[in-house]
Amino acid sequence: MDANWVVIGMGPGGPDYVTAAARDALRSARFVCGSQPLLQKYLGPAQTGLVIDADLDALQQRLSGWLAERVAFLVSGDPGFYSILDWLRREFPGQRMAVVPGISSMQLAFARLGQSWYDCKFLSLHGRDGVDFLTELRHNRQVCLLTDERRPPAAIIAAVAAHFPKRRVFVGSRLGTAEEATWQGTAGAYQDGDPNHPYSVVIVADAELAL
């Protein structure tokens, strides 16, 4: 039986990175859930939107009344990479649910560098306390971080510079959009005025790895 709920990866930010499969899945939905920016960009005139915020109890209650409806959940990047997908699976274990993959900002960051990423350690700092990225740097040649408002690129790179000043760093902010900005160099060379958008990708690599 076809799934009537679908979690859709909407790419890193710009419309050029939204796949045709994502657009097709979105068009078939009656209800669309996602962040305010995603709803502003992609909600259709005949669709009902629901903003996903920190109140997951309220979201769970609302979704409990939509079990038979066609519902799309818009997530940035790819649903399998730090999204609401795990929460939906946990809260609604019997629900018929499909997943449409998307291009993540992490993938686009490595594409900008022209490098593969199969041997990289990935961490998200979005609303997550206790993520010890410095320890991960001691045990991995490459670490890719998704930053947030409390730990933007400048804060991450300052910590890296204090412990690993020769590590190579790449910062990608608003990747895939008209406001895209990137920076790369050693951790100790980062300065005020370099890209520091709170929701960015930061890649830190051993000095001998060419970023």
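Two residues are in contact when heavy atoms of theirs lie within 4.5 Å. This tour uses that rule on a predicted model, where local features need pLDDT of at least 70, side-chain atom pairs count only at pLDDT 80 or more, and totals for chains, interfaces and linings use all residues. Residues are numbered from 1 along each chain as its sequence is written, and side-chain values use heavy atoms, with hydrogens and water left out.

**Stop 1: Leu137 and its core**

Select Leu137. Leaving out residues up to four places away in sequence, Leu137 touches Val143, Val160, Phe164, Arg167 and Val204. Now show the largest nonpolar core, which has 18 residues. A nonpolar core is a set of buried Ala, Val, Leu, Ile, Met, Phe, Trp, Tyr and Cys residues joined through side-chain atoms within 4.5 Å. Buried means under 20% relative accessible area, exposed means over 50%, and partly exposed lies in between (1.4 Å probe, protein chains only).

Which residues have the most contacts inside this core? They are Phe133, Leu137, Val160 and Val169. Colour helix H6 (133-139), strand S7 (142-146), helix H7 (153-163), strand S8 (168-173) and strand S10 (200-205): each supplies at least two residues of the core. Helices (H or I, at least four residues) and strands (E, at least two) are DSSP runs, numbered from the N terminus. Another core, of 17 residues, lies apart from the largest one and includes Leu50, Trp66, Ile84 and Leu88.

**Stop 2: a charge over a ring**

Arg167 lies over the face of Phe164, at 4.5 Å from the ring centre. The rule asks for NZ of Lys or CZ of Arg within 6 Å of the ring centre and within 35 degrees of the ring normal.

**Stop 3: aromatic pairs**

Show the rings of Phe, Tyr and Trp. Rings pair if their centres lie within 6.5 Å, using the six-membered ring of Trp; planes under 30 degrees apart count as stacked, over 60 as edge-to-face and the rest as tilted. The whole structure holds nine aromatic pairs.

Why is the pair of Trp87 and Phe92 edge-to-face? The ring centres of Trp87 and Phe92 are 6.2 Å apart and the planes stand at 75 degrees, so the pair gets that label. Trp87 is buried at 10% relative accessible area, and Phe92 is buried at 8%.

Next, select Trp183 and Tyr190. Their ring centres are 5.2 Å apart with planes at 90 degrees, so this pair is edge-to-face. Trp183 is buried at 13%, and Tyr190 is buried at 14%. Then select Phe81, Tyr82, Phe110, Trp117 and Phe122, which form one aromatic cluster.

**Stop 4: the cysteines**

How many disulfides are there? The count is zero, with a disulfide taken as a pair of cysteine sulfur atoms within 2.5 Å. Cys120 is in no disulfide, and the nearest cysteine sulfur, that of Cys144, is 5.2 Å away. Cys120 is buried, with a relative accessible area of 10%. Cys33 is also buried, at 0%.

**Stop 5: Val51**

Select Val51, in strand S3 (residues 48-51). Is Val51 buried or partly exposed? Val51 is partly exposed, at 34% relative accessible area. Gly34 is 17 residues from Val51 along the chain, and their C-alpha atoms are separated by 5.3 Å.

**Stop 6: the two domains**

Zoom out and colour domain 1 (5-100) and domain 2 (105-205). These bounds come from an automatic or database domain assignment. The domain centres, taken over C-alpha atoms, are separated by 27 Å. Six residues from domain 1 and 12 residues from domain 2 take part in the contact.
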